[in-house]
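Work through the exercises below with the sequence and the coordinates at hand. Each task is followed by its solution.

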Amino acid sequence: MSDVGLRAPELEQQLEQHRKELTGYCYRMLGSPFDAEDAVQETLVRAWRSYDGFERRAALRSWLYRIATNVCLDLLQGRKRRERPMDLGPAGEPVVENLNTPDVPWLQPIPDPADETVERETIKLAFVGALQHLPPRQRAVLILCEVLRWQATEVAELLETSVAAVNSALQRARATLETAKPPTATPAEVDAELLERYVRAFEAYDMEALTALIQEDASQSMPPYDLWLRGRDDIFTWWFGPGIGCKGSRVIPTVAANGSPAFGQYKPAEGGGHEPWALQVLEIENGRIAEFSFFLDTETLFPLFGLPERLDA
């Protein structure tokens with residue numbers, strides 16, 4: 001009987017201990033929580049099947065990351081990168097005629113999978129979006145070296161390449177990331193009182209209160225629409241113009257998305273109650289809201305974030 005047969009419960013427990021961090025890694029590689037979940041599951045299945053041939057010279061964790069990297073590279077082959085609306089062009093005017101839904105794969109948020117030992121900023125939407133601009137192998141090198149703090153020798157062994165090749169790929173990846181990743185302020189702890197004030201202000205559609213909470217140069221995006229807005233004035237023009245249907249919405253907090261506060265937004269429904277409209281993800285800088293990401297794919301995202309299908313009156 002194989003080692004797997006003899007120690008199946010023990011092996012399963014050992015493999016499962018790595019699921020959370022592997023999910024964070026695969027998400028950064030793939031830009032989708034659903035693709036990441038599939039990749040991790042495939043990783044663990046491959047590990048289970050090939051465990052008899054596992055050379056104990058390598059640590060189990062390193063071996064799993066090698067498998068996960070290969071799974072992600074296979075999945076990325078021939079695929080378009082996942083986009084954010086701001087990757088596709090400049091900010092637009094807040095008019096309904098600018099709403100377009102291009103046929104592109106969108107970056108999706110994830111219930112915070114970040115390992116506490118990994119910097120929170122490396123799971124933010126802006127950072128993960130910037131990673132998607134890198135070729136897949138460069139993406140793997142940068143995540144392993146810069147996020148997970150692996151040594152170049154370890155990454156070279158994992159990718160079966162040379163240390164010089166790893167360092168070269170890392171240098172190119174850093175250069176690309178500098179041009180793709182927007183600058184962000186120093187992260188700070190999110191103020192729970194600020195979020196409570198935001199919920200009250202948004203549900204009341206209180207422009208004066210909202211003005212005090214939102215930065216003047218704030219931005220807003222609404223995947224799957226490519227339109228994104230820059231500036232509080234344009235955001236308000238949208239909210240009180242084409243987006244006036246959001247007036248009277250209910251906003252309920254849910255688990256963090258990509259390390260940021262997240263809310264389920266429910267618009268008033270015909271016949272009473274409130275129906276799902278958007279998963280709101282907020283970026284907070286210097287005590288104010290700097291960015292709104294309204295993800296409108298509630299059919300898939302609300303169950304992922306444990307949000308109810310609708311709110312009764």
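**Exercise 1: a helix pair**

Task: state which residues of H3 meet which residues of H4, and describe the packing of the two helices.

Solution. Arg19, Leu22, Thr23, Cys26, Tyr27 and Leu30 in H3 are in contact with Pro33, Asp35, Ala36, Ala39, Val40, Gln41, Thr43 and Leu44 in H4, where contact means heavy atoms within 4.5 Å. By class, this contact of H3 with H4 has nine nonpolar, three polar and two charged residues. Here Ala, Val, Leu, Ile, Met, Phe, Trp, Tyr, Cys and Pro count as nonpolar, Asp, Glu, Lys and Arg as charged, and the others, Gly among them, as polar.

The model is predicted: local features need pLDDT of at least 70, side-chain atom pairs count only at pLDDT 80 or more, and totals for chains, interfaces and linings use all residues. Residues are numbered from 1 along each chain as its sequence is written, and side-chain values use heavy atoms, with hydrogens and water left out.

Next, the geometry. Helix H3 (residues 19-30) and helix H4 (residues 33-50) pack at an angle of about 125°, and their axes are 8 Å apart. Axes are lines fitted to C-alpha atoms, for helices over the stretch in contact, and angles run from 0 to 180 degrees between N-to-C directions. H3 is therefore oblique to H4; angles under 35 degrees count as roughly parallel, over 145 as roughly antiparallel, 65 to 115 as roughly perpendicular and the rest as oblique. Helices (H or I, at least four residues) and strands (E, at least two) are DSSP runs, numbered from the N terminus.

**Exercise 2: the sheet**

Task: give the strand order of the open sheet and describe how E3 joins E4.

Solution. The order of the six strands is E2-E1-E6-E5-E4-E3, with mixed pairing; two strands pair if DSSP finds at least two bridges between them. Strand E2 (228-230) and E3 are the edge strands, each pairing on one side only. From one strand to the next, the twist averages 25°.

Strand E3 (residues 250-257) and strand E4 (residues 260-268) run antiparallel and are joined by six bridges. Ile252 has Gly264 in E4 as its bridge partner, and Thr254 stands opposite Ala262. The two strands form a hairpin with two residues between them, and Asn258 in the turn has a positive phi of about 55°.

**Exercise 3: a salt bridge**

Task: which elements does the salt bridge of Arg61 and Glu21 tie together?

Solution. The side chains of Arg61 and Glu21 meet at 3.0 Å, N to O. A salt bridge is a side-chain nitrogen of Lys or Arg within 4 Å of a carboxyl oxygen of Asp or Glu. Arg61 lies in helix H5 (residues 60-76) and Glu21 in helix H3, so the pair ties together parts 40 residues apart in sequence. The structure holds twelve salt bridges.
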